[in-house]
Amino acid sequence: MIALEPSIKNRPEFINVRVRRQDGPGQKPYWELHKIKYEREMNVISVLQRIAAQATTVDGKKVTPVAWDCGCLEEVCGACTMVINGRVRQSCSALVDRLFEENADEIVLEPMTKFPVLRDLMVDRTRLFKALERVEGWVPVDSYYNLGPGERISREDQERNYPLSQCMSCGCCLEACPQFTKIELTRQEGETEEAFEARKKAEYDEAFVGPHAISQAMLFNNHPTGKALAAERLEALIGPGGISACGNAQNCVAVCPKEIPLTTSIARAGRATTLHAIKKWFDR
């Protein structure tokens, strides 16, 4: 007979899961308690799948299945970010057995607080991607014909760039950042869709871009082709909601699931924007 490890022997027969739900944008949130049978090696996604399958609360009330977002299920797409037991993280890599070490009584699931809730655990991350547009977080190309071999990248630059390239736009750093505050606008009576989108864009353009965008600006400014837009990215970072809005709380680097050196990128961005501003002053 094989003796079970104490950590396995002490596992409960059932798991209590408390979910913060919301039926739609701008509606009042409420809590639901669910109970599912415990299985070994479960993650939070599999917990949500069991909850969706039974669609019944602990008091026997039939409810609509909990809505959440996910894609790859292997911590690559970044879509399944939520607040689990009070900490923002990826639900696909949040293992139940480890969550029991934090709270043996129940698992608490909430949507991120820095983005508008669409439904239940699903949020609208549009602002996250708009920030990447602000810093032009891409490699520019003007055609797809063969341009020959590109510039060689030194080993030092490769080692500096690779960690930054692992960003999956999950939003964990933004949830933890005290300078990144929630923007949730509603369409006004008589306002056209175009006017509403323009008002949202104006709000996004004034707000803090976030550590993810700063880090991606540094990544592409150090890329042989991407650096063609280096000045434009630095202009975005010295504008409203740019590098000066960062309070250097360092929460972002503490919660990043890919352990990206975000504070290092922020420090590099601070130096680069300072030099850019000095150069602009002398070039006048």
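**Helix contacts, pockets and cavities**

Visitor: Which residues of helix 9 and helix 11 meet?

Guide: On the helix 9 side they are Ala231, Leu234, Glu235, Leu237 and Ile238, and these meet Ala269, Ala272, Thr273, His276 and Lys280 in helix 11. Bear in mind that this is a predicted model.

Visitor: How do the residues of that contact divide by class?

Guide: Between helix 9 and helix 11 there are six nonpolar, two polar and two charged residues in contact.

Visitor: And at what angle do the axes of helix 9 and helix 11 cross?

Guide: At roughly 100 degrees, with the two axes coming within 10 Å. Helix 9 is therefore roughly perpendicular to helix 11.

Visitor: What about helix 8 against helix 11, how do they pack?

Guide: Helix 8, residues 211-221, packs on helix 11, residues 262-283, at about 65 degrees, and the axes are 9 Å apart. Angles of 65 to 115 degrees count as roughly perpendicular, so helix 8 also gets that description relative to helix 11.

Visitor: Is the crossing of helix 8 and helix 11 left-handed or right-handed?

Guide: The crossing of helix 8 and helix 11 is left-handed.

Visitor: Which residues make the contact there?

Guide: Helix 8 contributes Pro211, Ile214, Ser215 and Met218, while helix 11 contributes Leu262, Ser265, Ile266, Arg268 and Ala269. By class, the contact of helix 8 with helix 11 has six nonpolar residues, two polar and one charged.

Visitor: Switching to pockets. What volume does the largest pocket have?

Guide: The largest pocket comes to about 290 Å³. Its lining has 16 residues, and those nearest the centre are Glu75, Arg87, Arg89, Ser93 and Ala94.

Visitor: Which elements supply at least two residues of that lining?

Guide: For the largest pocket, strand 4 (87-90), helix 3 (96-102) and helix 10 (251-255) each do.

Visitor: How many of the residues lining the largest pocket are charged?

Guide: Six are charged, alongside eight nonpolar and two polar residues in the lining of the largest pocket.

Visitor: How much space lies in the second largest pocket?

Guide: About 250 Å³. The second largest pocket is lined by Arg160, Met218, Asn221, Asn222, Ala230, Leu234, Arg268, Arg271 and Ala272.

Visitor: Which elements give two or more residues to the lining of the second largest pocket?

Guide: Helix 8, helix 9 (230-238) and helix 11 do. Helix 11 gives the most to the lining of the second largest pocket, namely three residues.

Visitor: How does the lining of the second largest pocket divide by class?

Guide: Into four nonpolar, two polar and three charged residues.

Visitor: Now cavities. How many are there of 30 Å³ or more?

Guide: The count is three cavities of 30 Å³ or more. The largest cavity has a volume of about 120 Å³.

Visitor: Which residues lie nearest the centre of the largest cavity?

Guide: Cys167, Cys170, Gly171, Cys173 and Cys256, out of 14 lining residues. The lining of the largest cavity has ten nonpolar residues, three polar and one charged.

Visitor: And the second largest cavity, how much space lies in it?

Guide: About 80 Å³. Of its 13 lining residues, Cys177, Cys246, Ala249, Gln250 and Cys252 are the closest to its centre.

Visitor: Which helices each supply at least two residues of the lining there?

Guide: Helix 10 and helix 11, for the second largest cavity. Its lining has eight nonpolar residues, five polar and no charged.

Notes
Residues numbered from 1 in each chain as written. Predicted model: local features only at pLDDT ≥ 70, side-chain atom pairs only at ≥ 80, totals over all residues. Heavy atoms only, no water. Axes fitted to C-alpha atoms, helices over the stretch in contact; angles between N-to-C directions. Helix = DSSP H or I, 4+ residues; strand = E, 2+ residues; numbered from the N terminus. Parallel < 35°, antiparallel > 145°, perpendicular 65-115°, else oblique. Left-handed = near helix turned anticlockwise from the far one by under 90°. Contact = heavy atoms within 4.5 Å. Nonpolar A, V, L, I, M, F, W, Y, C, P; charged D, E, K, R; others polar. 1 Å grid on protein atoms, 1.4 Å probe; cavity = no way out; pocket = protein on both sides within 12 Å on 5 of 7 lines; lining within 4 Å. Points joined across faces, edges and corners; volume = space filled by probe spheres on them.
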